[in-house]
Amino acid sequence: MTCTLFCSSLYGEHHHLVQSPWFAPVMTLKTSAPLRAEPKKKKKVDPRREQMLRERLKKKLKKLEKVPPELIPIEDFITPTKCLDETRERTAPRLSFEESEGRALLLKEWCRYKQKQHMAEVEAVELALEAQREALEELKLESEELYRAALKPDPLLIPFVHEGPAYTPAIPNYDAPDGKYNDITKVYTQ
Amino acid sequence: MNPVFRKVQASVAQQALLLNKALTPCRAAPSIQHPVWCTHSVNERQYKGMPTHGIGRWKYLLPKQAPRKKKDKHQMKRIMSATDTAYGTLNVNVSGYDMTVVEHYSQYIHNFCNRLGIKVADSYALPRKSTEVMLMQEQGTKTYVDAVLKTHHRVVQLSTLNAALCPVFMDVLLKNQPEGVQLSVTEHTEADFQARFKARPELEGLIAQMNQ
């Protein structure tokens, strides 16, 4: 405690003494201005230097701003070189006549099934839209205010997040192992 | 020889001129009986007067395109704001671990919007995010790398969405959502657009220095 007080007093004195060039402490080298015989610092150079610095910064900024920003490359769209290796290619398996026929017929069945599904969906959408249109018309006849309120967008909808269905239901009383997630996405800089 | 040639040329030219003046009414339909050569002089080009002149021209019918600069600055498309009857620019973000499923779902959404007449402003992919799953070891406190999960994102940007069309749209989307795929509908902001670009630490450092 006492040594810190002493030090602080020393430093305090030091700070106080350094302010005047005549009373430099004994420990430091005597390098005050009159001893060095240096001319007094001119005030013109400082603003010029600052201006030069600023101009240089501005020039650098302009150069950097001229270059347009680049989009982050998407790794999904770049095929890995392993897949482009020609030695890994294999020929298609030879199928018997019945097998290929069976496959073609299966494809046709699947096409028909999917088309039915699609048509059903399109019809359902059209029905829904038609029903909505009729309802809105009826509402318009009833009251204009309610009609206008019905047409307004819902502010509580956005933002909307929904998780897809899971293949299996959640296991009850599941004890997950301890651990953590680390984000290792590559950060691109220009 | 030369003065003779000149005289012959002059006489031919004179004859041609006379014939021109006589035959101007019938110049429009030159037939085999009145061959075309009689209606032109040495200095006059014939094919510009033909009725089939300019028959192959088609470039004047195309809309005028501004000359494309080599350095195409990625301009942000205008962000529409919500009106009385419609939402503003919406981002439908589809994300999941399985890339094919995510891509097919985003394509389905795009097709559906085209069918319903909803304007699709942009359809792009965001860079994938890799997450390392670290599990604790059974004996000891060290964690080891168990797996690397890559999350893929696809965005379908809609310029406007009619508020009356919205419930039907969302219903169909939710009905067709495949498993393991998260659907998120948010408003498009400029920050979202800027996040697609590479970070420029030098530029930001310089700007910070300038403002100091």
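In the predicted model, 52 residues of chain A are in contact with 64 residues of chain B; contact means heavy atoms within 4.5 Å. The area buried between chain A and chain B is about 5,200 Å². Carbon and sulfur atoms give 64% of that area. Buried area is the accessible area (1.4 Å probe) that two parts lose on being put together, summed over both. Leu71(A), Asp76(A) and Phe160(A) supply 12% of the area that chain A buries against chain B, more than any other three residues. The model is predicted, so local features need pLDDT of at least 70 and side-chain atom pairs count only at pLDDT 80 or more, while totals for chains, interfaces and linings use all residues. Residues are numbered from 1 along each chain as its sequence is written, chains are lettered from A and ligands numbered from 1 in the order in which they are written, and side-chain values use heavy atoms, with hydrogens and water left out.

The rule finds 23 residue pairs in polar contact between chain A and chain B, both residues being at pLDDT 80 or more. A polar contact is a pair of N or O atoms within 3.5 Å; within protein, one must be able to donate a hydrogen and the other to accept it, and residues adjacent in sequence count only if both atoms are side-chain atoms. On chain A, the elements that give two or more residues to the side touching chain B are α3 (45-66), α4 (97-142), β1 (160-163) and β2 (179-183). Helices (H or I, at least four residues) and strands (E, at least two) are DSSP runs, numbered from the N terminus. The largest share of this side, eight residues, comes from α4(A). By class, the side has 29 nonpolar, nine polar and 14 charged residues. Here Ala, Val, Leu, Ile, Met, Phe, Trp, Tyr, Cys and Pro count as nonpolar, Asp, Glu, Lys and Arg as charged, and the others, Gly among them, as polar.

Over all chains, a search of the whole structure finds 10 salt bridges. A salt bridge is a side-chain nitrogen of Lys or Arg within 4 Å of a carboxyl oxygen of Asp or Glu. Five salt bridges are found across the interface of chain A and chain B. One pair is Arg128(B) with Asp76(A), whose closest N and O atoms are 3.5 Å apart. Arg128(B) lies in strand β3 of chain B and Asp76(A) in the loop between α3 and α4 of chain A, so the pair joins two chains.

Six strands form an open sheet in the order β1(A)-β6(B)-β2(B)-β4(B)-β3(B)-β2(A), with antiparallel pairing. Two strands pair if DSSP finds at least two bridges between them. β1 and β2 of chain A stand at the edges, each with a single partner strand, so one side of each is left without a neighbour in the sheet. Neighbouring strands are turned by 20 degrees against each other on average, direction ignored. Axes are lines fitted to C-alpha atoms, for helices over the stretch in contact, and angles run from 0 to 180 degrees between N-to-C directions.

Within chain B, seven bridges join β2(B) to β6(B). β2(B) and β4(B) pair over seven bridges, and 14 bridges join β3(B) to β4(B). In β4(B), His153(B) is the bridge partner of Ser95(B), and Val155(B) stands opposite Tyr124(B). The hairpin of β3(B) and β4(B) has six residues between the strands, and Gly140(B) takes a positive phi near 105 degrees. Helix α2 (residues 99-116) of chain B lies across β2 (90-96), β3, β4 (143-158) and β6 of chain B, at about 10 degrees to β4(B).

Chain A holds two backbone features of note. Most residues other than glycine have a negative phi, and most peptide bonds are trans. A cis peptide bond joins Ile158(A) and Pro159(A), with omega about 0 degrees. Pro159(A) lies in the loop between α5 (144-151) and β1 of chain A. Asn173(A), in the loop between β1 and β2 of chain A, has a positive phi near 55 degrees.
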